[in-house]
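Dear colleague,

Please find the structure below, with its sequence.

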Amino acid sequence: MKTDKRILISGAGIAGPALAFWLHQYGYSVVITEKANAIRDGGQNVDIKGPAQDVIRRMALADKIESKNTLEQGQKYVDAHGRTIAVFPKGAIGSLTSNFEILRGDLATILYDTTKDRCEYRFGTFITGIEETDDCIMATFSNGEKEAFALILCAEGISSATRELVLPGQTQFRYLGVYMSFFNIPRRPEDDYWAHSINGIGGTLIFLRPGDENVTTVLATFPVPDADAGTTGPSHRKALLRRALQGRGALADRILSEIENVQDFYFGPMSQVKARSWSKGRFALVGDAAYCPTPFTGQGTALSLVGAYVLAGEIARHDSLAAAFNAYEKMVRPYIEAIQAQLSPGMIKLLHVKTAFGISCMRVLQRLFASRPMQTLMRPIAKRNEESATDAFVLPDYVCALDSSGAFAACAPPTRIAGRRG
Ligand SMILES: Cc1cc2nc3c(=O)[nH]c(=O)nc-3n(C[C@H](O)[C@H](O)[C@H](O)COP(=O)(O)OP(=O)(O)OC[C@H]3O[C@@H](n4cnc5c(N)ncnc54)[C@H](O)[C@@H]3O)c2cc1C
């Protein structure tokens with residue numbers, strides 16, 4: 001059986017299809033399995049910043065992504081009655097709305113549309129067993145079938161089951177003390193193109209943001225002492241969220257009235273993933289499954305695009321799989337650890353103030369930071385921070401040549417994957 005160019009990617013979120021794009025570009029044949037029955041197109045606005053912008057330019061997707069830039073005009077903090085407290089227009093320091101952002105679902109759809117004819121997608125399928133031999137890695141699937149591949153690359157997100165199958169107990173989770181829940185609700189005629197945020201008693205923090213013409217996107221985060229509190233099925237998860245939203249004002253009431261009809265519910269403890277090792281034999285991790293920084297860094301999507309680009313490039317560049325995986329980890333890990341370190345549990349605690357007094361203080365701070373003098377004062381500091389973050393990672397060039405538009409024109413053939421040697 002010839003398996004030297006056949007690669008299985010598990011998970012069709014952001015990292016999986018991005019990885020498939022590059023591996024196909026380098027001449028590999030790619031199968032992607034996704035547990036859900038279709039692409040999961042939920043989620044709020046995600047930033048594409050730093051080196052990730054360069055990645056999408058090299059994929060020749062910059063124009064497509066720019067054409068889907070969100071229409072969000074900025075962010076308003078509101079009180080329990082929906083009255084505005086502070087306004088951060090797009091581009092203001094501290095605004096959620098960035099210049100180059102796209103709905104996560106739109107990005108997932110663009111990546112899927114770009115790759116669906118170049119590789120084989122299998123929805124409603126997941127890995128139940130893995131067995132490695134000297135010349136291949138065998139996957140057993142949820143339908144009972146077995147298949148051999150040269151490599152299995154795991155892009156299953158934060159709660160990856162296959163990661164635990166191959167690297168059991170080797171992943172640390174840095175729980176930040178809150179649960180998060182992303183989902184969509186129907187858009188209403190009165191919805192505008194601003195993000196609305198509210199701090200509720202008990203620490204519940206809600207963000208309602210414009211989606212497309214039909215949906216408004218929701219992020220609700222709330223303190224839970226125990227990281228394992230909500231893992232026992234959809235009804236328990238919705239019950240936890242309902243409790244966190246009860247009595248938290250007009251925005252929360254609206255969400256509560258829609259919650260029963262929510263189909264794709266992304267829910268779980270907000271934890272950074274710190275996999276001790278990102279690979280073993282013919283298996284490697286990419287994206288949130290290896291190094292989720294959490295949505296509050298605003299960098300999860302950017303990191304998964306950069307990680308996928310580097311992993312594919314190193315696989316194509318090396319004769320030895322071990323050397324490819326080592327190079328990938330050596331290059332990307334320091335960049336990711338620096339981003340993960342930017343977020344402290346103290347900061348998360350501050351954002352989720354619990355008492356009426358704490359919320360009043362928070363509102364004073366929100367007004368202060370939105371004021372013109374404060375914005376002027378903070379601008380040079382924010383610019384310096386942004387530049388140093390952008391400079392922190394230089395995207396490597398791989399075997400492909402760029403054409404005049406910046407897209408890859410031609411790629412050298414990939415080297416044969418040489419198993420565990422090296
Ligand atoms: C529905 C949804 C909404 C999100 N919304 C936001 C948001 O608004 N803001 C934000 O910052 N981040 C959001 N995220 C997380 C964000 O996509 C990631 O942090 C980042 O883009 C890294 O992507 P990833 O591909 O590694 O992980 P993910 O985007 O989480 O994708 C993982 C994929 O793997 C699939 N999967 C899981 N287990 C298996 C398995 N055993 N076999 C096969 N497939 C499996 C999942 O269904 C999912 O499609 C969301 C994720 C999802 C799934």
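**Pocket lining**

Three elements, α4 (104-115), β12 (171-186) and β15 (215-223), each contribute at least two residues to the lining of the second largest pocket. Please bear in mind that the model is predicted. The volume of this second largest pocket is about 500 Å³. Its lining comprises 25 residues, of which L103, D106, G211, D212 and V215 are the closest to the pocket centre. Sorted by class, the lining of the second largest pocket contains 11 polar residues, together with seven nonpolar and seven charged ones.

Is H352 buried or exposed? Its relative accessibility is 3%, and H352 therefore counts as buried, the limit for that class being under 20%.

Two polar contacts of the H352 side chain may be of use to you. One is with the side chain of T221, at 2.6 Å. In the other, the side chain of H352 reaches the backbone oxygen of I348 at 2.7 Å.

Which residues does H352 contact when its neighbours within four places in sequence are left aside? They are V178, G203, L205, T221, F222, P223 and F296. As for G200, its C-alpha atom is separated from that of H352 by 8.3 Å, although the two residues are 152 residues apart along the chain.

With kind regards

How values were computed: Residues numbered from 1 in each chain as written. Predicted model: local features only at pLDDT ≥ 70, side-chain atom pairs only at ≥ 80, totals over all residues. Heavy atoms only, no water. 1 Å grid on protein atoms, 1.4 Å probe; cavity = no way out; pocket = protein on both sides within 12 Å on 5 of 7 lines; lining within 4 Å. Points joined across faces, edges and corners; volume = space filled by probe spheres on them. Helix = DSSP H or I, 4+ residues; strand = E, 2+ residues; numbered from the N terminus. Nonpolar A, V, L, I, M, F, W, Y, C, P; charged D, E, K, R; others polar. Buried < 20%, exposed > 50% of the residue type's maximum accessible area, 1.4 Å probe, protein only. Contact = heavy atoms within 4.5 Å. Polar contact = N/O pair within 3.5 Å; in protein donor to acceptor, adjacent residues only side chain to side chain.
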